[in-house]
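Please look over the sequence and the model shown here before reading on. The paragraphs that follow go through the structure step by step.

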Amino acid sequence: MPSNFNDSNLDFSELSQVPDVCMGMHIRRASRILTQIYDAALRPVGLVLNQFTLLVAIHLAGARSITQLAADLFADQTTLTRNVKLLEKRGLVAIAPSTDRRVKLVSLTAEGRAILAQAMPLWKQAQAEVMQQFEPQNWQILLSLLSDVQHIG
């Protein structure tokens, strides 16, 4: 806490507004709720949502460096490295040197493609369940608004 902190400068009445208006709080709550739904759906193939989306990203991008994947996914590189290593231990991804020996490339293995093929119908079912909670036009608006968030920072 800063040494010049003085709680008499804080208008505590404003604190009661935070739960109603804090975008960060609402997004985090929504993220946790949705993550639980997708994690439960993907459990039969031993994946959680962040692993599934990482496998999808690797499949779509082809062999990519962790730095490139982190940028693509707006993810912390250290966290992404840890998740890639877990997928590598399961044999779902391979990490190999690129032409620049300092850079490691991540790609899907045959087992990774097989798990992704098994996971896709499970993801589709979870996606359909979530979409049913919204009117179609609201679903599109929500996706658009969430997409706009990436331009904030």
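Predicted model: local features only at pLDDT ≥ 70, side-chain atom pairs only at ≥ 80, totals over all residues.

Residues are numbered from 1 along each chain as its sequence is written, and side-chain values use heavy atoms, with hydrogens and water left out.

The residues of α6 that are buried are Gly112, Ile115, Leu116, Ala119, Ala126, Gln127 and Val130, where buried means under 20% relative accessible area, exposed means over 50%, and partly exposed lies in between (1.4 Å probe, protein chains only). An α-helix has 3.6 residues a turn, so residues three or four places apart point the same way.

How far apart are the end C-alpha atoms of helix α6? They are 31 Å apart, which agrees with the 32 Å that the 22 residues of the helix (residues 110-131) should span at 1.5 Å a residue, the expected span being 1.5 Å times one less than the number of residues.

Leaving aside neighbours within four places in sequence, Leu55 is in contact with Leu47, Leu87, Leu92, Val93, Leu108, Ile115 and Leu116. Leu55 and Gly112 are 57 residues apart in sequence, and their C-alpha atoms are 7.4 Å apart in space. Thr81, which lies in helix α5, is partly exposed at 27% relative accessibility; between Thr81 and Ser147 there are 66 residues in sequence numbering and 24 Å in space, C-alpha to C-alpha.

On the surface, Met23, Ile27, Phe134, Leu142, Leu146, Val149 and Ile152 form a nonpolar patch with about 640 Å² of accessible area together. The elements that give two or more residues to this nonpolar patch are α2 and α7, and α7 gives the most, with three residues. Patches are made of residues with over 30% relative accessible area and no salt bridge, with like charges joined within 9 Å and nonpolar side chains (Val, Leu, Ile, Met, Phe, Trp, Tyr) within 5 Å; accessible areas come from the Shrake-Rupley method with a 1.4 Å probe, and for residues only the protein chains shown count as cover. Ile152 lies in the segment after α7 and counts as exposed, at 70% relative accessibility.

The structure holds two salt bridges, each defined as a side-chain nitrogen of Lys or Arg within 4 Å of a carboxyl oxygen of Asp or Glu. One joins Asp72 to Arg64, with the closest N and O atoms 2.6 Å apart, and Asp72 is partly exposed at 38% relative accessible area. In the other, the side chains of Asp100 and Arg102 meet at 2.9 Å, N to O; Asp100 is partly exposed at 29%, whereas Arg102 is exposed at 74%.

How values were computed:
Helix = DSSP H or I, 4+ residues; strand = E, 2+ residues; numbered from the N terminus. Contact = heavy atoms within 4.5 Å.
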